[in-house]
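I opened this notebook to keep track of what I looked up, one topic at a time. The entries follow the order in which I went through the structure.

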Amino acid sequence: MSIAARAKLNLSLDVLGRREDGYHELRMVMQAAELADEVYVELRESGFFLAETNRHYIPSGEKNEAVKAARAFFAAAGLDHGAYIKIEKRIPVCAGLGGGSADAAAVLRALNSLCGRPFTADGLREIAALVGSDVPFCVEGGTALVEGRGERIEPLRPLPDTGAVICMPFFSCSTPELFTRLDALRTRCRPDTDGLVAALRAGGLAGVARRMYNVFEDALDRRCAQAVGEIKRLLLENGALGAVMSGSGSAGYGLFADEE
């Protein structure tokens, strides 16, 4: 089976604090994008797990999130199978766009179909939470308020049909470093998450765009901050209704009212 693995965009991202389990409590509004990897999944014999991609630096074995997803699926289903996975990468890697998580979620959806749908949507999201924080949303897709470590998902009214221009610098940002810097900040701005959710429910694109905010931007080092700031400036100067960094970066994007 071949299936699309859609990138995710953070319309907003808030980090509420470190939890006792070592993870951070998150509150985000997330949106699936048209940009997608193409994921092919084939059932194989027990013990065979391989993920091939068109990016030579992506691991093909146990460190690949798609392989982790396949193993988690078969363990939860009690099935003695393996999987061959081939991924045509189009989503930039280490960009904050959830490419690896999207691939893992696509594998879960594909295996559920190939194996006779042993899991409901809720069951599939429970397995997804074992693989990675963004994977449950990538299984769900659409537009959603995402909380906790990423496992609590509330579907929202879809974002009005709009174009997004995504820009990726020639470097990535370190997610662990950003969390450490964010923990050390005494004061910081926070997104108006409730206002953004209300704007979505009202169907107002302008109201959404005004409230796009990512707290990780406050913790960027100088090089990343300059690059993301320049991306946002150019997007806004060229007609974007709003612009923000996605996830832990370093990709930024802008929403536009018309394609031109």
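**Notebook entries**

I began with Met1, which at 36% relative accessibility counts as partly exposed, because buried means under 20% relative accessible area, exposed over 50%, and partly exposed in between (1.4 Å probe, protein chains only). I noted that this is a predicted model, in which local features need pLDDT of at least 70 and side-chain atom pairs count only at pLDDT 80 or more, while totals for chains, interfaces and linings use all residues. Residues are numbered from 1 along each chain as its sequence is written, and side-chain values use heavy atoms, with hydrogens and water left out.

I placed Met1 in the segment before strand 1 (2–18); helices (H or I, at least four residues) and strands (E, at least two) are DSSP runs, numbered from the N terminus.

**Helices 2 and 3**

I then looked up how helix 2 (residues 99–114) and helix 3 (residues 121–131) pack, and found that their axes come within 10 Å and cross at roughly 145°. The axes are lines fitted to C-alpha atoms, for helices over the stretch in contact, with angles from 0 to 180 degrees between N-to-C directions. Ala104, Leu108, Arg109 and Asn112 of helix 2 make the contact with Leu124, Ile127, Ala128 and Val131 of helix 3, where contact means heavy atoms within 4.5 Å.

Also in helix 3 is Arg125, which is buried, with a relative accessible area of 19%. Leaving aside residues up to four places away in sequence, I found that Arg125 touches Pro136, Val139, Glu140 and Ile153.

**Helix 6**

In helix 6 (residues 193–202), I listed Thr193, Gly195, Leu196, Val197, Ala199 and Leu200 as buried. Their cover includes strand 1, strand 2 (24–44), strand 5 (143–148) and helix 7 (205–210). Just after helix 6, Gly203 takes a positive phi of about 75°, and Gly204 lies in the loop between helix 6 and helix 7.

**Salt bridges**

How many salt bridges does a search of the whole structure find? I counted 21, a salt bridge being a side-chain nitrogen of Lys or Arg within 4 Å of a carboxyl oxygen of Asp or Glu.

For Glu147 and Arg27, the closest N and O atoms are 2.9 Å apart; Glu147 lies in strand 5 and Arg27 in strand 2, so the pair ties together parts that are 120 residues apart in sequence.

Arg201 forms a salt bridge with Glu154, at 2.8 Å between the closest N and O atoms, and since Arg201 lies in helix 6 and Glu154 in strand 6 (residues 152–155), the pair ties together parts 47 residues apart in sequence.
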